[in-house]
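Look over the sequence and the structure, try each task yourself, and then follow the solution step by step.

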Amino acid sequence: MSRSDVLVDTDWVEAHLDDPGLVLVEVDEDVSAYDKGHIRGAVKIDWKTELQDPVRRDFVDRTGFEQLLSSKGIANDDLVILYGGNNNWFAAYAYWYFKLYGHDRVKLLDGGRKKWELDSRELVTDVPTRPATEYTAKDQDLSIRAFRDEVVDAIGKQNLIDVRSPDEFSGKLLAPAHLPQEQSQRAGHVPTAASIPWSKAANDDGTFKSDEELRALYTEAGVDLGKDTIAYCRIGERSSHTWFALRELLGLENVKNYDGSWTEYGSLVGVPIELGAGK
């Protein structure tokens, strides 16, 4: 797999805005960002209200995903280009989500909204109208999703990568400093996890670092690229960014994202937790 299979740059997007069969989708942590200006023709997906089950802590099910994409005017054979703020935090999450339900024609805009804005490219407030489709999703591909029991079983056996900030890893914080701190009962990290903050995979302009730089980042932190790997963060969005770097850019097959992440693990009864900066 080459980078062009999973990434496009800002020049490419600007040149292909009017291509038939291409759908730009913006997904942001700040769900109001789209409303203030977005790339022409882009539709919005709200990760809080549209990608999450409103009652159970889980994703929308297969039927819900089909209804969502149908309502957005996205067809099965459309090429979806995802982008968003915070170096594609939730765009990477949505990319992983699209893959989970079997939509293979999906790519990330490298650098996301940040790179587009740094280039001083056009943003508009017009919301496009797309005719509804009859989208058909596949069953979840569980080869890319880890659950809590897999994480416990992986301690000391597989690569566990904690992509949160050093203060979250050590137990000083439960969440990024700019967010509320009440998400889990205990702070710390999964024993034997390596601390490799997600942001180290990105350049200053939000684009991904080179394959050589990414490979060095993970191997120098002790990750055995030949082993199965589980990445986690707080709720699964930052770890989606790391999952993308490892699986889609470096081509590692056995990489899973633990979307329950620390908000689940840090509230489990009886599981092992470590504090401090790690070994």
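## Exercise 1: The main core

In the largest nonpolar core, which has 55 residues, V25, F65, L82, L108, Y218 and F244 touch the most other members. A nonpolar core is a set of buried Ala, Val, Leu, Ile, Met, Phe, Trp, Tyr and Cys residues joined through side-chain atoms within 4.5 Å. Buried means under 20% relative accessible area, exposed over 50%, and partly exposed in between (1.4 Å probe, protein chains only).

Before you start, note that this is a predicted model: local features need pLDDT of at least 70, side-chain atom pairs count only at pLDDT 80 or more, and totals for chains, interfaces and linings use all residues. Residues are numbered from 1 along each chain as its sequence is written, and side-chain values use heavy atoms, with hydrogens and water left out.

**Task.** Find which helix gives the largest share of this core, and explain where the core lies relative to the two domains.

**Solution.** 
- Step 1. List contributors: strand 2 (22-26), helix 3 (62-71) and helix 9 (238-249) are among the elements that each supply at least two residues of this core. Helices (H or I, at least four residues) and strands (E, at least two) are DSSP runs, numbered from the N terminus.
- Step 2. Helix 4 gives the largest share, 11 residues.
- Step 3. The core lies between domain 1 (3-119) and domain 2 (145-266), because both give residues to it. These bounds come from an automatic or database domain assignment.
- Step 4. Zoom in on L108: leaving out residues up to four places away in sequence, its contacts include V6, L82, Y95, F208 and F244. Contact means heavy atoms within 4.5 Å.

## Exercise 2: A helix pair

**Task.** Describe how helix 4 and helix 9 pack.

**Solution.** 
- Step 1. Two packed helices are described by the angle between their axes and the distance between the axes.
- Step 2. For helix 4 and helix 9 the angle is about 65°, and the axes are 7 Å apart. Axes are lines fitted to C-alpha atoms, for helices over the stretch in contact, and angles run from 0 to 180 degrees between N-to-C directions.
- Step 3. Residues of helix 4 including W89, Y95 and K99 meet residues of helix 9 including R238, W243 and F244.
- Step 4. Look at R238 in helix 9: at 3% relative accessibility, R238 is buried. Among the residues R238 touches, not counting those up to four places away in sequence, are W89, E168, P176 and W198.

## Exercise 3: Positive phi

**Task.** Locate S120 and T192, and decide whether each is buried, partly exposed or exposed.

**Solution.** 
- Step 1. Most residues other than glycine have a negative phi.
- Step 2. S120 has a positive phi of about 55° although it is not a glycine. S120 sits in the loop between helix 5 (112-118) and strand 6 (145-146), and S120 is exposed, with a relative accessible area of 66%.
- Step 3. T192, also not a glycine, has a positive phi of about 75°. T192 belongs to the loop between helix 7 (166-170) and strand 8 (194-195), and T192 is partly exposed at 44%.
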